[in-house]
Amino acid sequence: HVRQRVRVRASLSPQHLLTERYILKLQKEFTDDQQVKITAEFEPELLDQFMHKAARKISQRTRIPGFRPGKAPYAMVVNHVGEASIREEALEMLLDKVYPEVLEEAQISPYGPGNLDEIKNQDPLTLLFTIPLEPETELGDVDSIREAYTLPEVSDEKVDELIRQVRRNSSTIVPLETPAAEGNLLYLTLEALAVEPKEGEDPEIFGSTPQQVLIPTESEESDSEWPYRGFGRALIGSNAGETVVLTHEFPQEDSVEEDFRGKKIRFNASIQSVKALELPELDEAYLEEIGDFKSVEELRTAVYERQLAIETADYEDKYYLGLVDRIRQDTKFKYPPQMLHEEEEEVLHRFEHELSHRQLELDLYLKMRKMDKEDFIKQEVTPTAITRLERALVMEALSKKYGIKVSNDELEQHISSLISDLVRSGELHQMQKDLGEKKFANAISHEAANRALESAIRLQLRKIASPESFPAEEPKSEGAAEPTPEAAEQAEAAE
């Protein structure tokens with residue numbers, strides 16, 4: 001038997017509806033990975049018919065000495081191009097004709113292109129297809145999920161800290177001869193060594209690399225400090241020319257940098273210089289320079305509103321992803337491997353794109369990580385792809401369960417927001433140039449529709465999980481009459 005790997009059409013469109021019927025027998029076998037194997041038996045001599053059609057087609061575009069295009073006998077075409085070439089052409093023509101009938105006869109909705117796995121027999125022609133099916137998502141008990149929705153607040157201290165950071169960006173650097181203190185900037189080289197490396201493991205995490213460390217105040221300390229929280233303040237009192245040795249044991253958590261997880265690491269910090277930052281005064285000239293602010297209060301308001309928007313967006317992302325993940329735990333999924341493979345490719349593509357911004361290629365990154373590509377995909381890409389795919393399936397299932405749709409007004413709002421974002425980032429004209437007007441418009445509309453639908457699904461989730469977070473409806477006035485059935489029907493029709 002000849003084994004073929006031919007991609008075949010995924011759907012049945014009106015132009016492929018058949019007037020002739022070729023299938024004699026059809027058997028279906030559903031697999032555990034959301035695919036179906038179909039064995040289809042066709043009319044006798046069908047392949048031979050298409051071999052002759054393919055030979056005529058080939059002879060029309062191939063010069064065969066002594067014959068006009070399309071007029072060469074079958075045997076001459078076989079001698080000229082070979083039977084294998086004719087068979088390949090014949091299979092493509094045959095599949096284009098019979099595959100829609102296979103889908104129609106099998107009464108299935110494919111997720112994507114199927115494969116012709118095998119020609120099991122040639123007389124009668126018997127083909128074995130494997131076809132991926134649409135995913136199935138069975139949600140658990142969504143309506144009982146509860147989670148308080150509490151928006152973050154931005155304190156005056158946080159506003160002060162953010163303004164101080166802005167001033168630091170415009171500060172004057174002054175060399176010091178005194179020991180390092182809060183607010184000082186240290187120039188140093190840093191190396192990291194595993195204290196108890198595993199057998200055969202290189203103890204060096206990274207070699208001596210230059211670093212700049214700003215020593216924060218206690219209130220400025222955060223979990224995002226690198227390499228760990230408290231590192232900067234541990235350097236208080238150190239002098240230029242000294243080497244400070246610090247040891248830290250990292251937990252085995254996803255939030256920790258990959259190379260640090262679960263390890264006890266010794267950091268050797270060689271202090272090169274200690275410098276102070278002289279911050280500019282918040283006078284009229286400086287306020288105008290950083291944003292044309294008329295007063296310190298106006299600056300504080302702008303900083304407050306911007307930070308509130310950032311923290312609100314961050315809170316909502318975590319809030320809704322948390323709800324989706326809770327739903328995901330009780331959801332049953334069935335999706336074909338092709339769907340996961342496509343998501344893996346998307347995750348890998350995004351990661352390579354992010355690396356390019358750091359002037360890195362994937363091969364070099366993996367070399368630095370001492371990983372091969374297969375392990376990287378298995379350990380990091382695939383789990384991420386599964387999470388992304390299942391979250392998307394949950395969101396799609398929620399939109400179907402609650403009949404969530406997007407209005408034209410909502411779509412237009414998101415389109416305007418997207419355009420505004422592109423204008424602010426300076427990317428609008430470049431995108432229009434790269435894509436062309438039609439593709440650009442389609443891309444914007446598609447992204448806006450996705451965002452609008454996601455916003456609507458999020459709103460539905462919040463109504464379920466935290467109904468108390470919505471303002472109470474105003475009570476009807478005593479004299480208000482209930483709408484008549486006719487008025488209700490008219491309102492529904494208008495919607």
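Let me begin with how a helix is judged here: its expected span is 1.5 Å times one less than its number of residues, and helices (H or I, at least four residues) and strands (E, at least two) are DSSP runs, numbered from the N terminus. What we have is a predicted model, in which local features need pLDDT of at least 70 and side-chain atom pairs count only at pLDDT 80 or more, while totals for chains, interfaces and linings use all residues. Residues are numbered from 1 along each chain as its sequence is written, and side-chain values use heavy atoms, with hydrogens and water left out.

Take helix H10, residues 408–425: at 1.5 Å a residue its 18 residues should span 26 Å, and because its end C-alpha atoms are 26 Å apart, the two values agree. After H10 comes Gly426, which has a positive phi, near 80 degrees.

Now the interior. A nonpolar core here is a set of buried Ala, Val, Leu, Ile, Met, Phe, Trp, Tyr and Cys residues joined through side-chain atoms within 4.5 Å, where buried means under 20% relative accessible area with a 1.4 Å probe, protein chains only. The largest such core has 37 residues, of which Ile327, Leu362, Phe376 and Leu398 touch the most other members. Helices H6, H7, H8, H9 and H12 each give two or more residues to this core, and H9 supplies the largest share, nine residues. A second, separate core of 34 residues includes Ile38, Phe42, Leu46 and Val102.

Lastly, the strands: S4 (residues 114–122) and S5 (residues 125–132) run antiparallel and are joined by six bridges, with a hairpin of two residues between them, and Gln122 has Leu125 in S5 as its bridge partner.

Conventions
Buried < 20%, exposed > 50% of the residue type's maximum accessible area, 1.4 Å probe, protein only. Pairing = 2+ DSSP bridges.
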